Structure formats: structure tokens, C-alpha cells
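Subject: Handover of a structure and notes on it

Dear colleague,

Please find the structure below, handed over to you for study.

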Amino acid sequence: MRLDIAGGCGDFGRSCFFVSGSQHAYIVDCGTSTDGLDRVPDLTAEEIRGAEYLFLTHSHRDHTGAVEFAESAGFAGPVIMSAQTYRQLHYKPKNAVIMDSTAPEAELLPGFSFRWGRTGHCCGAVWYAITCEGKTAFFSGDYREGDPFYRNDPVRGLSADIAVIDAAYPSEEDGAAMRERFLAKAEELLADSAPLILPVPRFGRGLSMAVALRERTGDRSFFMSERLWREWSLFARRKYFVTPSVLAVPADAFSLWDGETVAAGGVYFLTDAQLSHPESRRLLEAHPEARVLISGSAHGYGRAQEFLDAGRAEQVLWPNHMTYGEMRRLAAMNDFRTVIPFHDPRRKPEARSFEF
């Protein structure tokens, strides 16, 4: 078997991996770049047409933004994903196959099977262990253990011939240290009772940050813009998706925000992580008294970097991926013969193709 990196390693987004053998071929993820250029994966027309299946780890555009491109270029097979990933996708694949959460193992063809588990990155995000032609490939997707909101199925004692593992943060620390740094910064910004605005994605870290901040500073008023508040309303009581501690948070702990009113001491979750929308930027301009804390990477398709460069916003990363140290420690808890780190644009892979 051979794994070809079509994006995602030493790159800005664009996660995509093509695996082929003498009888079968499949793709894992098919995203566009996050540098503002919307580059598609380095897949040849022959690879796209030859793939029998496309597995999606989760809905974020750097993992799914090029699915429509793949179908237009000749991919005609099933696109395998969780039900929540399908719900979240802007483009719905023509031949979507939804995995059954009660059966986390499935055989696609004789000698071609897979198992999966929750990654803790966002609702519906999964990892895969895919066995084909006697070889197993593990794909972590965007992986996070210990998240305050999302459940994770820890990867332990798994054997794989090759493993592609999330290593987005180039440090040896763990997620707990990163969360503490973020929460401490949020407390610092709230110390003088200024309002705090937190730009977040609709699907992912916003809910995790909300429950952690409420536990840390529970006497404050918390508001969510409509799209995030709907996600809270939908998942706060669904045990399959959330950690047990979330079930104890009152349903009315977070209020629906009108997107305009900003009061002293309030915490406001703005569902626009990259400040891509003009109305989000106008909101920040209309409230110079508000502090702004960016919790993820600033991508090329938004305007978040401009606010950081101007000193209007500060940035402390919330850990919804793994550090390089965590990636190595996860690999040590399993039997992975070859490990390929991905998701860090600064870390180039040793090669584009790997035989396994």
C-alpha cells in the first residue's frame, strides 16, 4: 500500500490523503487551503476517478472544502461521514453514507474495513483506522483529548502500519496548559469590567470555551450570537456528544445575543472566527471599549490578522488540536510503525509518498 500526501502537511489547511494498493484506493479528507487562495488538493484526475471511497473526519472547510471539486473531477463513490458532519456541510455530496453511531466498525468490501471514534474537536468529528489489503492506516483527524465540551474516544493500544496524526501546535506542552493560558488572558481582559468579544467558529471551540469560561468566571453574563446559541441548545443535553460535566450546566447559562448590544463586564461569543463579515467588523468599530480575544489561527480568507496587526485584538490559542509533544505521546501509546504529523504549515513532511 502507498499513502500520498495531497495536502495538509506543511501546508495551510488543504488536508487530503490518497491511499492505494493493488486492488483498492481511497481518500481521507478533501479540503481547501486556509491562505485565502482556496487551493485544492494535489490529486491527479486518475487518483480522483480511481478512489472507491472518500472518508471525511469532520466538516471544517480545510477538510471538506474540495469535495465538490473531487466530484466534478470524476469521483463517483460514497462519501463516508458522521451524521453531524453531514448536517454541518455547506455542500452536500451526491452519494453520502452516514455512519451508524451504534456500530463503530464496518466492512465495506471483503478485506476492506474500518473503525472509528470521536475526536473531541467538534460535534461529529471522528478518527479512522482503515484496514485494506492487509494494511491498516490510522487518521486522527483534528484530535483533542480532555476538551471541556466534546467527548473523545481515546486512541489506545491500536496497531497501524502508518498513522497520520494531528500536530498543529509546535510545542511540547499539553492542552491543559494552553487552556489555562487562554483563561488567564480572558480574566485579565475582564478585570476592569470591559466587555469581552470572542470571535469563534459555529462548529468547534466556541462551546468548549463557553463552558470553561463560565466555570472560571460564573458570575458574569454570557451571550452567544444566534448560530452558536442554536448549537448550544441542540447539544447541551445530548450525552453522546458532550462530556458529563456539560450536562450539569443550566440550559439558560448562555443567552441569545442580538449581535449589537454590548454591556460592561459581559462575555460575547461572535460566530465569525476570522472576522470575515462586514457586520462583525462594524460591531468592533462601534464598541472601542470592548476587548477582543482571537482564539484560533488567523487565516487568509478573513480579516482577523488585520485587527491583530492594528492592536485592536489579542491572540491566545485555545487548544482544539494537539501539540507536537502530545502527538508523540499519543503515538507512544499505540503501535504505529510510521507516523506522519500533519496540520502544522511550518513542518514539511519527509516525503510526499510513503510505502507501508
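The following notes describe what was found.

This is a predicted model, in which local features need pLDDT of at least 70 and side-chain atom pairs count only at pLDDT 80 or more, while totals for chains, interfaces and linings use all residues. Residues are numbered from 1 along each chain as its sequence is written, and side-chain values use heavy atoms, with hydrogens and water left out.

Helices (H or I, at least four residues) and strands (E, at least two) are DSSP runs, numbered from the N terminus. Two strands pair if DSSP finds at least two bridges between them. Strand β1 (residues 2–7) runs antiparallel to β2, to which five bridges join it; arginine 2 has serine 20 of β2 as its bridge partner. Strand β2 is also paired with β3 in the antiparallel sense, over five bridges, and here serine 20 has alanine 25 as its partner. The hairpin from β2 to β3 passes through four residues.

Burial is judged by relative accessible area: buried means under 20%, exposed over 50%, and partly exposed in between (1.4 Å probe, protein chains only). In β2 (residues 16–20), five of the five residues are buried. Cys16, Phe18 and Ser20 lie on one side, and Phe17 and Val19 on the other.

Threonine 34

Threonine 34 is found in the loop between β3 (25–30) and α1 (45–50). Its relative accessible area is 7%, and therefore threonine 34 counts as buried. Beyond its neighbours within four places in sequence, threonine 34 has contacts (heavy atoms within 4.5 Å) with Phe12, Gly13, Asp62, His299, Gly300 and Tyr301.

The nonpolar cores

A nonpolar core is a set of buried Ala, Val, Leu, Ile, Met, Phe, Trp, Tyr and Cys residues joined through side-chain atoms within 4.5 Å. The largest has 34 residues, and Phe149 and Trp232 are among those that touch the most other members. Helix α6 gives the most to this core, with six residues. Another core, of 27 residues, lies apart from it and includes Tyr53, Met99, Ile130 and Ile340.

Two positive phi values

Glutamate 133, in the loop between β9 (126–132) and β10 (135–139), has a positive phi of about 55° although it is not a glycine. Histidine 343 likewise has a positive phi, near 90°, and is located in the loop between β18 (335–342) and β19 (353–355).
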